[in-house]
Amino acid sequence: MCAAGRGRSADRPGMEYPMADTIYDAAIIGGGPAGYTAAIRGAELGLKIALIDNAPKLGGTCLHVGCIPTKALLFNAELWDHLKNAAEFGIKLGEGIAPELDWAAVLTRKNSIITKHVKGLEFLMKKHKITVIAGSGRITGPAQGGIHTVDVTANAGEASQVKAKNVVLATGSSAKMLPGLQADSTILTNIEILSIDRVPKSLIVIGAGAVGVEFSSIFRSFGTEVTILEFLPRAIPVEDEEISKELTRVFKKRGIDVNIGAKVEKVEKTETGVRVSYTDSNGKPQVKEAEKVLVAVGRAGRTENIGLEKTKIELERGLIKVNAEQQTAEPGIYAIGDIVFGLPQLAHVGAMAGLVTMAKIAGAKFRPINRERIPSCTYSEPQVGSVGLTEAQAKEKGYEVKVGKFPFGGNSKATIVGSHDGFVKIVSDVKYGEILGVHIIGPQATELIAEAVAVLELEGTVEEMMYTIHAHPTLSESLLDAYGAVQGMAINA
Ligand SMILES: Cc1cc2nc3c(=O)[nH]c(=O)nc-3n(C[C@H](O)[C@H](O)[C@H](O)COP(=O)(O)OP(=O)(O)OC[C@H]3O[C@@H](n4cnc5c(N)ncnc54)[C@H](O)[C@@H]3O)c2cc1C
């Protein structure tokens with residue numbers, strides 16, 4: 001029963017049991033980036049918020065086994081790549097002294113970054129007087145007299161209920177597994193691979209979406225022999241086709257064995273690791289062995305056991321359907337983050353959906369998420385950043401398209417940082433010169449894309465951007481040259 005009013009902290013620091021007589025303005029189920037961002041904005045807007053999360057610590061996939069740990073490892077990988085080429089930069093490591101990778105220390109640093117941010121989140125919850133409840137939340141059905149009831153099973157097993165005028169579902173996603181397989185110390189998902197005890201000699205990565213590509217990049221930098229098997233005809237298939245091609249080219253140059261159009265038939269464990277049988281793009285059966293295999297074939301929304309069956313909430317491909325204001329078909333129940341159908345499963349999308357939802361609940365002003373203004377980033381080496389329409393999408397939508405491309409080979413800052421692979425591609429419409437999409441592959445692409453997001457938000461044109469001053473020498477000048485290239489007038493190429 002309800003442990004209300006005990007006034008003691010529950011299973012983890014900063015946690016409370018819900019007060020039986022409190023009616024919250026919103027009960028949020030899930031404390032990942034979607035849920036905790038919504039909670040903070042709700043409190044900022046003066047709402048009384050309960051945040052229910054069943055993980056040992058707040059932060060969700062993103063903080064514990066997603067965005068943050070992978071980017072920490074990618075930064076290590078980048079440093080390591082520079083060290084391997086230290087001589088090129090005039091840095092001698094000493095006669096006969098080779099740099100040595102301390103993998104345990106790499107993992108310790110990654111974990112300390114997570115811990116720091118968990119503490120930050122706990123501080124923010126207290127600062128905003130958000131009631132954080134450690135347990136699994138489940139909606140009980142439609143609101144009764146305008147009040148929803150959420151059943152909570154505390155992580156320690158005790159049951160209680162939370163009452164709220166609105167409920168926000170933010171339970172996130174888990175890695176999909178291939179049929180018949182279970183994750184362990186050889187067959188890995190994003191969770192296990194982030195704490196393996198040593199760098200594997202060889203790794204097969206099934207799936208060349210952002211997750212598969214990032215781990216391939218990390219472990220290749222650390223010396224692993226990496227094989228990618230991707231079922232679709234190209235890597236990072238949501239990106240512009242030319243970006244996929246360039247990534248594949250650079251990955252191959254880095255020694256990554258990229259196999260597209262490869263259909264995995266069987267994954268078997270062996271004495272030394274794993275054997276993967278697949279059909280290649282020519283229809284020929286192939287077998288590849290490795291020490292470990294990473295399964296990175298997409299993410300399934302956590303929509304089970306949260307009480308959806310008792311509501312009007314509709315699912316599509318296992319994800320929750322919402323309108324532009326994040327409302328589900330059940331009045332007073334919203335959904336945000338990775339469980340939502342029709343939006344990319346990205347932390348910044350979930351977080352923005354949380355902001356939209358809370359403004360809607362509080363009756364404040366907001367703008368719904370615009371699908372065509374969402375930056376998409378892959379933090380591999382080379383990095384990829386894009387926003388807006390690909391060339392193919394723009395043509396499909398009936399635009400008369402004009403493209404400008406500028407290679408980083410012509411950019412002086414790219415020479416300084418020793419990174420000439422990749423290019424900037426601008427997709428614009430002929431009629432008004434409006435910039436419809438920007439696609440970057442190369443150094444700091446994930447940072448450079450911020451300019452393009454703002455340009456698209458402000459409906460900027462090629463001409464406006466050709467006369468927008470970019471500081472010299474910067475990587476961002478490659479954007480200036482790419483805008484110019486649309487009119488055949490790049491300066492440095
Ligand atoms: C390896 C990897 C790298 C990634 N890198 C990036 C990146 O660089 N940038 C980016 O934008 N995105 C990245 N992502 C995606 C990003 O992690 C997700 O989009 C994001 O975490 C989704 O946030 P969320 O709040 O919807 O769900 P989650 O982060 O999954 O959080 C959901 C929370 O809800 C809890 N929960 C589940 N069910 C219940 C319940 N019934 N009751 C209470 N609590 C519950 C879970 O325990 C969890 O704490 C990456 C993902 C992976 C796997």
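**Strands and a ligand in a predicted model**

Reader: Which residue of β14 stands opposite L188?
Author: In β14, the residue that L188 faces is L294. The model is predicted, with pLDDT of at least 70 needed for local features and 80 or more for side-chain atom pairs to count, while totals for chains, interfaces and linings use all residues. Residues are numbered from 1 along each chain as its sequence is written, and side-chain values use heavy atoms, with hydrogens and water left out.

Reader: Why is β20 largely enclosed by the rest of the structure?
Author: Strand β20 (residues 383-388) forms a hairpin with β19, with four residues between them, and the two pair in the antiparallel sense over three bridges. Another six bridges join β20 to β23 (residues 435-442), which runs antiparallel to β20. The strand is largely enclosed because, of its six residues, those that are buried number five.

Reader: What is the average twist from one strand to the next in the sheet β11-β12-β13?
Author: These three strands form an open sheet in that order, with antiparallel pairing. Because β11 (263-269) and β13 (285-290) stand at the edges, each with a single partner strand, one side of each is left without a neighbour in the sheet. Axes are lines fitted to C-alpha atoms, for helices over the stretch in contact, and angles run from 0 to 180 degrees between N-to-C directions; from one strand to the next, the twist averages 20°.

Reader: How far is an oxygen atom of the ligand from an N or O atom in the side chain of T61?
Author: A polar contact is a pair of N or O atoms within 3.5 Å; within protein, one must be able to donate a hydrogen and the other to accept it, and residues adjacent in sequence count only if both atoms are side-chain atoms. A polar backbone atom of A34 is 3.0 Å from an oxygen atom of the ligand, and a polar side-chain atom of N54 lies 2.7 Å from one. For the side chain of T61, the distance is 2.7 Å.

Reader: Which element gives the largest share of the shell around the ligand?
Author: A residue is near the ligand if one of its heavy atoms lies within 4 Å of it, and of the 38 residues around the ligand, D53, N54, T61, K71 and D338 come nearest. Elements that give two or more residues to the shell include α1 (33-44), α2 (60-65) and α3 (67-84). The largest share, four residues, comes from α2.

Terms used:
Pairing = 2+ DSSP bridges. Buried < 20%, exposed > 50% of the residue type's maximum accessible area, 1.4 Å probe, protein only.
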